[in-house]
Amino acid sequence: MNYRYVKIIRDLREDHDKTQQEIADYLGTSQTMYARYERGANELPIRHLLKLCKYYQVSADYILGLKRKK
């Protein structure tokens with residue numbers, strides 16, 4: 001599947017100098033599962049989308065690739 005958010009969540013994580021493990025811990029999931037979100041192998045659950053929005057202080061529209069402004 002081709003999800004726009006895949007690149008965006010990876011870029012946000014890297015821009016904030018965070019590891020996959022740190023973000024996975026924040027989301028309450030495993031590093032392996034979070035890596036699958038970044039690869040697009042698994043869909044990002046809405047509850048994780050909302051937590052990432054709060055963590056990075058961006059809109060869901062931004063993470064989903066619907067808007068360019070954070």
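In the predicted model, five residues of helix 4 are buried, namely His48, Leu49, Leu52, Cys53 and Tyr56. Viewed down the axis of helix 4, these buried residues fall within an arc of 145 degrees, so they line one face of the helix. Ile46, Arg47 and Lys54, by contrast, are exposed on the other side of helix 4. The buried residues of helix 4 pack against helix 1, helix 2, helix 3 and helix 5. Just after helix 4, Gln57 adopts a positive phi of about 55 degrees.

In soluble globular proteins, nonpolar side chains tend to be buried together. The largest nonpolar core of the model comprises 19 residues, and those with the most contacts inside it are Tyr5, Ile9, Leu12, Tyr34, Leu52 and Ile63. At least two residues of this core are supplied by each of helix 1 (5-15), helix 2 (20-27), helix 3 (31-39), helix 4 (46-56) and helix 5 (60-63). Helix 1 gives the most, with five residues. Apart from its neighbours within four places in sequence, Tyr5 is in contact with Tyr37, Asn42, Glu43, Leu44, Ile63 and Leu64.

The packing of helix 1 with helix 3 was also examined. The axes of these two helices come within 7 Å and cross at roughly 125 degrees. On the side of helix 1, the residues involved are Tyr5, Val6, Ile9, Arg10 and Arg13, which meet Tyr34, Tyr37, Glu38 and Arg39 in helix 3. By class, this contact contains five nonpolar and four charged residues, with no polar residues.

Conventions
Residues are numbered from 1 along each chain as its sequence is written. This is a predicted model: local features need pLDDT of at least 70, side-chain atom pairs count only at pLDDT 80 or more; totals for chains, interfaces and linings use all residues. Side-chain values use heavy atoms; hydrogens and water are left out. A nonpolar core is a set of buried Ala, Val, Leu, Ile, Met, Phe, Trp, Tyr and Cys residues joined through side-chain atoms within 4.5 Å. Buried means under 20% relative accessible area, exposed over 50%, partly exposed in between (1.4 Å probe, protein chains only). Helices (H or I, at least four residues) and strands (E, at least two) are DSSP runs, numbered from the N terminus. Contact means heavy atoms within 4.5 Å. Axes are lines fitted to C-alpha atoms, for helices over the stretch in contact, and angles run from 0 to 180 degrees between N-to-C directions. Ala, Val, Leu, Ile, Met, Phe, Trp, Tyr, Cys and Pro count as nonpolar, Asp, Glu, Lys and Arg as charged, and the others, Gly among them, as polar. The arc is that of the directions from the helix axis to the C-beta atoms.
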